[in-house]
Protein chains: 2
Amino acid sequence: MTIELINTGSELMLGRVLNTHQQWLCARLADLGYMVNRQVAVPDTAIDIEQAVREGLSRADLVITTGGLGPTCDDITRERIAGLLGLSLHRNASVEAQIHAYFISRGRPIPLRTHVEAMIPEGAVVLPNRHGTAPGIAIQVSPNPFRHDGRPSWLVMLPGPPRELRPLFDTEVAPLIQRLFPAVDGFACRTLKTTGLGESAMEELIAGPLKHLTDQGMDLGFCARVGEVDVRFVARGLQADALVAEAEFITQRWVGPHIFGAQDDILESVVVNALAARGQTLALAESCTGGHIANRITNIPGASAVLTAGFVTYANAAKITALGVPESTLRDHGAVSEQTARAMADGARKAGSADWAISVTGIAGPSGATLGKPVGTVFIGIASDHGTEVFHQINAFDRETFKYLTAQQALSRLLRRIQAGGTA
Amino acid sequence: MTIELINTGSELMLGRVLNTHQQWLCARLADLGYMVNRQVAVPDTAIDIEQAVREGLSRADLVITTGGLGPTCDDITRERIAGLLGLSLHRNASVEAQIHAYFISRGRPIPLRTHVEAMIPEGAVVLPNRHGTAPGIAIQVSPNPFRHDGRPSWLVMLPGPPRELRPLFDTEVAPLIQRLFPAVDGFACRTLKTTGLGESAMEELIAGPLKHLTDQGMDLGFCARVGEVDVRFVARGLQADALVAEAEFITQRWVGPHIFGAQDDILESVVVNALAARGQTLALAESCTGGHIANRITNIPGASAVLTAGFVTYANAAKITALGVPESTLRDHGAVSEQTARAMADGARKAGSADWAISVTGIAGPSGATLGKPVGTVFIGIASDHGTEVFHQINAFDRETFKYLTAQQALSRLLRRIQAGGTA
């Protein structure tokens, strides 16, 4: 089975927008056992879109397009593809009703041109968009005039905004593809999420114990992210599930404490769920991470039962008034110190009436370094009724990476302490 | 002049790596007045690379490839392209000396296979790589057997690592392209960043006033982001600069209050800079946005001079103790109310000793809706010494989009108030 991906958008060709669709869709399809053979990006001009689609349909069993389904004058994908395939467009009453409901529920007027988003090519499958107005569209091109042997292909059009495309792919497109193109052989893909070890160190620890499985054809892959390493097992054939299950078992035995989840788990979600399961609460005192940890925690549904309060205490005055850090601690040891981190964690736990508290104080850069405290210096405190521990890191990276990595370290340390002790 | 970009790499097709070359090269070329007509990504297999290059040369005056020039077994671009063009490869003594010098200066042994990086197709131009070992290669394909009229094309191969590719492009490739393809006509591209209007509403307002410019060939494009719409003008020819300048002038007149910046500006950076320029400070009281605004503000270097304190007051107790919201306000009107938003903004401004404060209280969902307050309900307060205004929105989206969009609304409203009054 061959797949081609066509990303439309003049903003892509002008370099105004980063094409994240390619990576996201390719990764999603790979997880399902499919590989994209070619990806093409073209501007929003009729001739380019038509040529790319024609070439895709001449080669691939499945062509996926992104973008150009919206209501503005440069959204021409739907019309051009219908024209290319000789299909007429018809107003779909159910899509139109959904579009109207979308605007009405948000108390906004319905713009004149949005009705074009309800125009669907004859015979096409509508893929409902629950996060926007333009639905996805799937068309079976049969017979396929662009393929030398006339074999049918499927063509799927997806809207451009990632927050619409992604759930639409997961809920509508992935099941459709799996139904249309069932994997004939077995296929298994499993990703373990880890923190606290780099990818070389991880490979050194597990490549040997997994060798009998990789010798049998299982792929072992690593993907280094900020403060995380994904370990990925991919196997095909009738033994695929067994190989991957054994790989996970062995990896758990060798690097278990570093594994915080699997597949799409994210650290903040694992932390929120661990606290919620124990009926425990968390408070945050962030200086250099500036609300980054609070933001990630509150992205998780159910965070309100866990997070009592967060304090972004950039200024020393805020550390004193909001958290009760003694002025003498700040004067004698400085705002970036083990002592201040400890006082911030204790103060946040008290002010937030929480079981646990995290504090962070450091130098995100690019300026702010002092003698003995280079940019990237950070102190992280974890407070509970068993006491407060502070650890020290040097995360010398750009500002956003610094914040992300520091949060990873704080959350993974907190998670291990939550899991170690039954109570705070 | 037509340009095609070919990115090679199986890791791209598996979605394990984000293709940043496309945006970077397209943006660089657009800045020089060239537009990439098509971008293609293919895996590291001979047939796919050859087919993509053949197709590129059949259409484009310039084909740029990335990746596959290194020393490992999956680096086959150089050999395959030489084979396709019928060119023999010769060891280049000067490149070989550079590669040796690269390893010697770093005190590393010279790996056996690196000598393949010194193999250069006959007649090719070597583009020295000062940040790695594999040089870039430029070949004039003349006559061009893949083009129906035999017109010559240029083919440029670049190494894959971004930290090698980028300086190599700037110092070697850009001057070469400008010499080979001097811009005969003018070219202008300008993006205005806007908030507060959807793309349909934006188009309804400006398409008419800009019609005489689009009739003259200027492209008008829109790109919808969360809580933002990019408006883009692209023009070619001797009048390009004048057309784009007039388009910006007209757009400013019609939707000026919605324009917060241009090109790569981001809203939080514009807000931080506007406050810093006035020597003013900001405090934040976030309930449902949970630190999202603080996180974005503190991503901006220089935020520490502007943000005094942020309070993530999820629990009612935190609203009372940290912000001084009266218990009676919470009891009588609820935590999600105009009155609570007002008290939170006033409390944060006072507790943070700041010129300005933003408060946010609402229902991010998926649960938490009450009678008359659906998921997505949010009250946003803006406080200054001129008083406190509260506005009400319904942002019925998934949790992260809700937070992002609410932050956009709060920051753009704050920005307009900062710009309107000389002082807080």
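Predicted model: local features only at pLDDT ≥ 70, side-chain atom pairs only at ≥ 80, totals over all residues.
View 1. Gln39(A) stands opposite Ala41(B), a residue of E2(B). In general, strands of a sheet pair through backbone hydrogen bonds, either parallel or antiparallel.

**View 2. An open sheet of 12 strands includes strands of both chains.** Its order is E6(A)-E7(A)-E8(A)-E3(A)-E1(A)-E2(A)-E2(B)-E1(B)-E3(B)-E8(B)-E7(B)-E6(B), with mixed pairing. Strand E6 (125-127) of chain A and strand E6 (125-127) of chain B are the edge strands, each pairing on one side only. On average, neighbouring strands are turned by 15° against each other, direction ignored.

**View 3. Strands E7 and E8 of chain A run antiparallel.** Five bridges join E7(A), residues 136-141, to E8(A), residues 153-158. Ala138(A) stands opposite Val156(A) of E8(A).

**View 4. Helix H2 of chain B lies across strands of both chains.** This helix, residues 20-31, lies across E2 of chain A and across E1, E2 and E3 of chain B, and runs at about 155° to E1(B). Helix H4 (residues 77-85) of chain B also packs on the sheet, touching E1, E3, E7 and E8 of chain B. The direction of H4(B) makes about 160° with that of E8(B).

**View 5. Helix H14 of chain A is mostly covered.** Of its 14 residues, 11 are buried, among them Arg342(A), Met344(A), Asp346(A) and Arg349(A). At 1.5 Å a residue, H14(A) (residues 338-351) should span 20 Å, which agrees with the 20 Å between its end C-alpha atoms. Ser353(A), which follows the helix, has a positive phi, near 45°.

Definitions and conventions. Residues numbered from 1 in each chain as written. Chains lettered and ligands numbered in written order. Pairing = 2+ DSSP bridges. Helix = DSSP H or I, 4+ residues; strand = E, 2+ residues; numbered from the N terminus. Expected span 1.5 Å × (residues − 1). Buried ≥ 20, exposed ≤ 12 C-beta atoms within 10 Å, placed from the backbone. Axes fitted to C-alpha atoms, helices over the stretch in contact; angles between N-to-C directions. Contact = placed C-beta atoms within 7 Å.
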